[in-house]
Amino acid sequence: MADVDVSSILARMTQAPFSPLEPSDRLLVGPGPSNVPESVREVMQRSQLGHLDPEFWDICSEVAAMLAQVYRRPSGLSFPLSATGTSGIEAVLCGLVAPGETAIVAVAGFFGSRIAEIARRRGAKVVAIEAPLGQAVPNEAILDALARHPEARLVAVVHAETSTGVRHPLRELAQALAGSDTLLFADCVTSLAGIELEPEAWGVDACASCTQKCLGAPPGMSPLSLSERALERIRARDEPVPLSLDLELVGRYWFERPAPYHHTAPILHVYALHEALRLVLEEGLEARWQRHEEVGRYLQAELRARGFELLADEAVQLPQLSAVRVPEGIDGPEVQRRLAREHGIEVGGGLGPSAPPIWRIGTMGVNATVEVADRVLEALDAVVAHRRRLAPASR
Ligand SMILES: Cc1ncc(COP(=O)(O)O)c(C=O)c1O
């Protein structure tokens, strides 16, 4: 491990007593987490059941049933891993690719590189197909790679690349892969419950997401969705995978009754996910996709009208994540600090050493409203005051 300076932390050991926490209120419009609706926060204060209590199993069954609806996957299995999105991706990759097997990975940003890195650590032979930041890897390039590597066991893409604001044309890729023995995995961390996603209808075998973005729960769980043939591959595998990432065991814990002990589920997070999914279904998936679409397009039009440039090509621009190029002569991180300090607003910066100077603005979950977009725009106007003002775009 790299040397780290822990002296300031150790110095705190003598600081006593510690006070109860009172975190600041923030409008979380970065790349995630987004703000958590009141009812999701409230449900986490209800009585904690034990994780092997049949009453808790009923809650888990409802979570799985709602997840299958939000993932629109009536067959196969949908259930959450008790971990964040990264581990969900790792668990799926461990299940679908064995050491020495080939995986084709589309890389056009930080999270595509992450998938490639996870697959390499699994011992897979990774064929990375790259595109410049702001673009999607063309599906033709992925299909060419598959023609050159027909032995590939998996094609992996990021549906919504949070580091650039780009949407991968996933439906088209899945359709082009129809009939192939190569499975298709999509990182749906930023897409689930925010933009159209129909894994079963399109033919996407495996998806991993998180709870803290368009779903609107706190971070801590990774909703997964697996097709029948992904499950077959997972069951047929004979190389060991890390126990906590073994999706066959995790699946049994979620679906067998009585549940065989695998780990202790984070019970209050399961309550939160239950409420978040309930809210998504109450709103309606299409209505939620539409809300994210309208607010994202409104924000982006207003940003362009102010002279800001977006990183993503317009044709593949996600609605829920706008990566805004920091204009020449402006200190991007300082603007972020002032937005937080003076306006209580968190926006993200570039991710990773190769990121260009950008701000990443997320309008996800409860924050996908015109009111929130206007609050962000007003704050940006105030902080980046010397920008030339152009006429605001019409709504
Ligand atoms: C596209 C994408 N994939 C994976 C992850 C990793 O998820 P987590 O931070 O929950 O581990 C993120 C997190 O921002 C993401 O945006």
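These legends accompany close-up views of a predicted protein model.

**View 1. The whole chain and its build.** The protein has 14 helices and 13 strands. Its radius of gyration is 21 Å, close to the 21 Å that the globule rule gives for 395 residues, so the protein is as compact as a globular protein of that length. Taken along the principal axes, the C-alpha atoms fill a box of roughly 60 × 60 × 50 Å.

View 2. Of the 395 residues in the protein, 46% are buried. Now look at contacts between residues at least 6 apart in sequence. Among these, 72% join residues at least 24 apart.

**View 3. Two domains.** The domain assignment gives domain 1 and domain 2. Domain 1 is made of two stretches, 27–33 and 285–383. Domain 2 covers 38–282. The C-alpha centres of domain 1 and domain 2 lie 26 Å apart.

**View 4. Where the domains touch.** Domain 1 gives 26 residues to the contact, and domain 2 also gives 26 residues. On the side of domain 1 that touches domain 2, the elements giving two or more residues are helix H12 (285–305) and strand E11 (321–325). Helix H12 gives the most to that side, with four residues.

**View 5. Residue types on the domain 1 side.** Which kinds of residue make up the side of domain 1 that touches domain 2? That side holds 17 nonpolar residues.

Methods. Residues numbered from 1 in each chain as written. Predicted model: local features only at pLDDT ≥ 70, side-chain atom pairs only at ≥ 80, totals over all residues. Domains from an automatic or database assignment. Contact = placed C-beta atoms within 7 Å. Nonpolar A, V, L, I, M, F, W, Y, C, P; charged D, E, K, R; others polar. Rg over C-alpha atoms; globule rule 2.2 N^0.38 Å. Buried ≥ 20, exposed ≤ 12 C-beta atoms within 10 Å, placed from the backbone.
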